[in-house]
Amino acid sequence: MVYAFGLPFETAREEKLPTGRRTAAMSSPILVSVEAGVQRITLNRPDKLNALNPEMHGLLRAALAQADSDASIRCVLLTGAGRGFCAGQDLSEREVKAGAAPIDLSDTISTYYNPLVRRMRALPKPIVCAVNGVAAGAGASIALACDLVLAARSASFVQAFAKIGLVPDSGGTYFLPRLVGRARAMGLALLGEKLGAEDAERWGLVWKCVDDGALAEESARLARALACGPTKGYGLIKRALDASPGNTLDAQLELERDLQREAGFSEDYREGVAAFLAKRRPEFTGR
Ligand code: T3D
């Protein structure tokens, strides 16, 4: 059921509209729906390849806050409408008129992009990204900030920043070298060339490249499966892997011990062991 219509998330939720009024939802730049434990977020400005503006940032933030606080949501699925995933910042808002003072980009980075990436990484639930088309600039970084990235075979990743004199942001300079190594990260960042989905998979930038026609179903299936999993444990796995790059082995071993302690107290761990011993499928509640 779609329940965000370009309204602040909480408001939209109170004003659930019947399915017959889906047209209203189609005009919102962010569509949000929840089904079977999966919150689907669709970037929805297809004529601009889903380039981001403040309204979209506000709606995205509200959706992720809801994903965090609503225990019935156990996985997020992020995708784009139309032929693009996201072309990063809407550049039509960045033209500097002759004689006007330049925009201080650190303001929008601090207000929108950094909080968005931080929230995605801190969300204690998995985020699946279905990259349906080109992911450029901050759009590419946002895809890489997700936990499992599926890309349609025709999709591509573009570090478009250098083409307009900027620096990869939204975590781009963090994710890229860690995923593909410095040499490839530098090539992508300096040259701004399109990297196709098959190469992105081969380089380790994404989890899987799938046929265009299979992306929607495969990503939905993956998200549904994760939504039936041990959510608490998944959140702890995210914490462990995200802490790893900055940690020594000793520090990471200690962190693993602490997180395992937490995991060991979860209901899902008890259920997982019981199901294994009884040779049945586990029924995880996410707790
Ligand atoms: O500013 C801050 O707050 C700092 C933060 C910055 C974060 C950033 O993301 S900076 C990087 C911004 N993004 C870009 O530089 C990417 C710009 N777009 C492109 O390079 C290309 O559009 C693509 C490589 C993504 C796709 O190329 P292609 O040939 O498939 O499509 P196209 O024809 O270029 O674009 C289709 C339409 O989308 C077109 O509109 P039109 O002519 O049909 O009316 C194009 O203008 C529009 N579009 C694409 N990207 C953006 C955009 N409109 C506004 N902003 C965009 N980023």
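Let's start at Asn-53, which sits in the loop between β3 (38-43) and α3 (54-69). Helices (H or I, at least four residues) and strands (E, at least two) are DSSP runs, numbered from the N terminus. This is a predicted model, where local features need pLDDT of at least 70, side-chain atom pairs count only at pLDDT 80 or more, and totals for chains, interfaces and linings use all residues. Residues are numbered from 1 along each chain as its sequence is written, and side-chain values use heavy atoms, with hydrogens and water left out.

Is Asn-53 buried or exposed? Asn-53 counts as buried because its relative accessibility is 10%; buried means under 20% relative accessible area (1.4 Å probe, protein chains only). Setting aside neighbours within four places in sequence, Asn-53 is in contact (heavy atoms within 4.5 Å) with Arg-45 and Glu-93.

Now let's turn to the ligand. There are 24 residues around the ligand, and Gln-89, Leu-91, Arg-94, Thr-108 and Ala-138 come nearest; to be near, a residue must have a heavy atom within 4 Å of the molecule. The shell divides into 14 nonpolar, four polar and six charged residues. Here Ala, Val, Leu, Ile, Met, Phe, Trp, Tyr, Cys and Pro count as nonpolar, Asp, Glu, Lys and Arg as charged, and the others, Gly among them, as polar. Helix α4 gives the largest share of the shell, four residues.

Which atoms pair up here? An N or O atom in the side chain of Arg-94 is 2.6 Å from an oxygen atom of the ligand, while a polar backbone atom of Ala-87 lies 2.9 Å from a ligand nitrogen atom.

Key:
Buried means under 20% relative accessible area, exposed over 50%, partly exposed in between (1.4 Å probe, protein chains only). A polar contact is a pair of N or O atoms within 3.5 Å; within protein, one must be able to donate a hydrogen and the other to accept it, and residues adjacent in sequence count only if both atoms are side-chain atoms.
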